[in-house]
Amino acid sequence: MKKIIILGSSGFLSQNLYLYLNNKFEITMVGRKKFDIKLDYNNKSELIKILNRKKYDALINCVGLANVEKCEKNKNLAYKVNVEFTKNIVDAIKSSKHSVHLIHFSTDHIYSKKGYSNENEFNIINNYAETKLLGEVYASKIKSTILRTNFFGKSKHKYKKSLSDWIVESLKMEKKIYVFKDIYFNPISLLTLSKIIDIIINKKIKGIFNIGSKEGLSKSKFAYKVAKYHNLNHKLLIKENSNNFLKVARPKDMRMDCEKFKKMFKFNLPSIDDEIINT
């Protein structure tokens, strides 16, 4: 059985990955909470010791600061978490006894042109996107698979919710919520993303890849589809322009061209309707 180490053990993504991958691999969860091994991510020497204990086949890095407002307000913290921590991980892998394949998560926020962007068409408009792109630079220095993605699904974490969680929970409480008609994306479900991670662990194909559903849509349309699938009152969804609510600049069109991933991995990405069923 292959051995996998997941950094960022208490996060929304890592908890879902663990549940899917646990029966397929021997997994070690490393982090500050809900861990097998406790680790301060600043402590590079301790991470090297952890990597030397077993011959890990892959390291999945789920550490990151994804709060766009917080990244803009506290740029030093954003750089520390999204860039310096990634550098520490890369340095630790370089210094360890065994070769470990890095799986690193980036974001669709680095795209902002109109239409579907391929991996070379990024355009940075906020500090969150900038620090995630800088983190990619370090991750690319070793054998790694870097995934630019936006995911949703039912959270296994009490205090960390996805966009679809927020929509469903709000509508169940009969709350009116504002949804953006001017921001476009093509997110993927946590279930499909977990399947993709399973494939990457076995194939270890290197590179930077966009991962998303077949077709993109506005966030308001996404909310409508989620509401319809769960038989919730879509009339509680109020369509608005994002500029009326957001304090930090965000890309208006984050739709990704995923052809590179489809060709390299021979994996047919699902439609957004199929993905919503997976929630």
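Let me start with two residues, Y41 and F85, which are both buried. Keep in mind that what we are looking at is a predicted model.

Why do I pick these two? A pair of aromatic rings is described by the distance of the centres and the angle of the planes. For Y41 and F85, the ring centres are 5.6 Å apart and the planes stand at 50°, so this pair counts as tilted. As for where they come from, Y41 is in the loop between strand 3 (37-38) and helix 2 (44-53), while F85 belongs to helix 4 (residues 75-95), so the pair ties together parts that are 44 residues apart in sequence.

Now a second pair, F180 and F245. Here the centres are 6.1 Å apart with the planes at 50°, so this pair is tilted. F180 sits in strand 8 (residues 177-180) and F245 in the loop between strand 13 (237-240) and helix 9 (259-265), so parts 65 residues apart in sequence are tied together. Are the two partners buried or exposed? F180 is buried, at a relative accessible area of 16%. F245 is partly exposed, and its relative accessible area is 37%.

How many aromatic pairs are there in the whole structure? The search finds 10. There is also an aromatic cluster, formed by F209, F261, F265 and F267.

Next, charges over rings. K219 lies over the face of F185, 5.1 Å from the ring centre. In another place, the charged end of R255 is over the ring of Y116, at 4.9 Å from its centre.

Let me move to the sheet. Strands of a sheet pair through backbone hydrogen bonds, either parallel or antiparallel.

Definitions and conventions
Residues numbered from 1 in each chain as written. Predicted model: local features only at pLDDT ≥ 70, side-chain atom pairs only at ≥ 80, totals over all residues. Heavy atoms only, no water. Phe/Tyr/Trp six-rings, centres within 6.5 Å; stacked < 30°, edge-to-face > 60°. Helix = DSSP H or I, 4+ residues; strand = E, 2+ residues; numbered from the N terminus. Buried < 20%, exposed > 50% of the residue type's maximum accessible area, 1.4 Å probe, protein only. Lys NZ or Arg CZ within 6 Å of the ring centre and 35° of its normal.
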